[in-house]
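Here's a quick briefing to read with the model open. Ligand first, then a couple of sheets.

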Amino acid sequence: MTTMVIIGGGQAGSQAIDTLRREGFAGRLVLIGEEPWLPYQRPPLSKKYLAGEFALERLPFRHRAFYDEHRVELRLGRRAERLEAAERRVTLDDGEIIAYDRLLLCLGAEPRRLACPGAQLSGVHALRSIADVERIRPDLRPGARLVVVGGGYIGLETAATARQMGCEVTVLETADRLMNRVVAPETSAYFAAEHGRHGISIVCGARVERFEGSARVDGVVCAGGERHPADAVIVGVGALPVTRLAQDAGLACDNGITVDEYCATSDPAIFAAGDCANHPSPHYGVRVRLESVDNAFEQAKAAALNMLDRRTVHDRVPWFWSDQFDNKLLICGLSQGHDRRVLRGEPAGRAFSVCYLRNGELIALEAVNHGKDYMAARKLILGRLRPDLGRLADPGIELRDL
Ligand SMILES: Cc1cc2nc3c(=O)[nH]c(=O)nc-3n(C[C@H](O)[C@H](O)[C@H](O)COP(=O)(O)OP(=O)(O)OC[C@H]3O[C@@H](n4cnc5c(N)ncnc54)[C@H](O)[C@@H]3O)c2cc1C
């Protein structure tokens, strides 16, 4: 009997199980996940789940009955310690050895840590898992002073949630604007204003030098000496792909586990998908590693089909969303390498889009409270639209009519 093993019980691992069984795989299927929970969704962790408005029971993608019914052998709370690619076997932290015919690595990413003094103090948190939220939530009491290090989407979502919970929030960002790696200056400015309007203090150009406190953090000191008092700190300065298992097994890795367009690693029996995988994007002609629900979902689907020898290229126009207060930011496509930006609408109107073009082709769009533009853009980007710039800039003309 063929054995398929999946390591990593997150978004990608869960999707791969779905696809394998849905597509008729009847052999042995094993899921190894180091977290003790059934595979669950992470986006609510910085939003409604953190706020206590989304029950724990709603986080898992599937109930336990689903795994029983589909004969999925769960090894939860168990870590894959060693991968021996030549022998096609995995050793778990309790010594169990599982042999596979095909293996899928869905190892995710882990929060980047700050190496500065005091980073280990109690009250300094990262946010990736249910366990992290359980540590953070008691610190978010009304009136508590929270310092968020990092003005990326996780930092800003967390800041917004904490503010809604009654905390006094300061966001420290090293760059000169928020979300600077992923959005246009107009969008950064809009979100800075929104956070400011809700009483969050945003400090850009702030480089954290150390965390202070005896047992517990009580302040954050930046280069230049400015000190921000803190009852708790959340560090949201990006994530790194989890690759150690793959690297130790001799698989090619470079900013993630290197896979081809069929999601195969340098070992043809081993596949990878999700945040941990660095893959080629045929549409854009570049290699990328994406951290988004959409990518984990779609890539895992493609990987599962390829594990079943149904040759399927993973070639999608990626998309991503972020919720901050009552604002929805939707991004589709990859803006890297753009040579022109076109603004549709006015940020003052609270609904606008930024279009990115390269050599006249629409390659990406970010929509703020503008679902219509976003929906249209997904199709136009896929169709490699070369829009008339005047019409593109006219918010009176529906994007889909271009
Ligand atoms: C707080 C937060 C908010 C987010 N919000 C959004 C959002 O609004 N929109 C969006 O598109 N994306 C969002 N994301 C990103 C999205 O959740 C991730 O891109 C997605 O979860 C990636 O899925 P994955 O399966 O690749 O990794 P994960 O979901 O991280 O799963 C990987 C799993 O593998 C396990 N693992 C690792 N190594 C081993 C091992 N050796 N043995 C066993 N298990 C192992 C890990 O413990 C983990 O459980 C958010 C992420 C976070 C953390």
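An oxygen atom of the ligand sits 2.8 Å from a polar backbone atom of Ala 12, a polar contact being a pair of N or O atoms within 3.5 Å (within protein, one must be able to donate a hydrogen and the other to accept it, and residues adjacent in sequence count only if both atoms are side-chain atoms). Keep in mind that this is a predicted model: local features need pLDDT of at least 70, side-chain atom pairs count only at pLDDT 80 or more, and totals for chains, interfaces and linings use all residues. Residues are numbered from 1 along each chain as its sequence is written, and side-chain values use heavy atoms, with hydrogens and water left out.

**Ligand contacts**
- Glu 35 brings a polar side-chain atom to 2.6 Å from an oxygen atom of the ligand.
- For Ser 292, a backbone N or O atom lies 3.0 Å from a ligand oxygen.
- The protein covers 97% of the 1,000 Å² of accessible area that the ligand has on its own (Shrake-Rupley method, 1.4 Å probe; for residues, only the protein chains shown count as cover).

**The shell around the ligand**
- There are 33 residues around the ligand, and Ala 12, Glu 35, Lys 47, Arg 128 and Asp 275 come nearest; a residue is near if one of its heavy atoms lies within 4 Å.
- By type, the shell splits into 14 nonpolar, nine polar and 10 charged residues, with Ala, Val, Leu, Ile, Met, Phe, Trp, Tyr, Cys and Pro counted as nonpolar, Asp, Glu, Lys and Arg as charged, and the others, Gly among them, as polar.
- H4 gives the largest share, three residues.
- The ligand lies between domain 1 (3-110 + 240-307) and domain 2 (113-235), because both give residues to its shell; the domain bounds come from an automatic or database assignment.

**Sheet E13-E14-E15**
- This open sheet of three strands runs in the order E13-E14-E15 with antiparallel pairing, where strands pair if DSSP finds at least two bridges between them.
- E13 (208-212) and E15 (227-229) are at the edges with a single partner strand each, so one side of each has no neighbour in the sheet.
- Four bridges join E13 to the antiparallel strand E14 (residues 219-222), and Phe 211 stands opposite Val 220 in E14.

**Sheet E4-E5-E6**
- Here too the sheet is open, with three strands ordered E4-E5-E6 and paired antiparallel.
- The edge strands, E4 (80-84) and E6 (97-99), each pair on one side only.
- E4 and E5 (residues 89-92) run antiparallel, joined by four bridges, with Ala 80 opposite Leu 92 in E5.

Conventions: Helix = DSSP H or I, 4+ residues; strand = E, 2+ residues; numbered from the N terminus.
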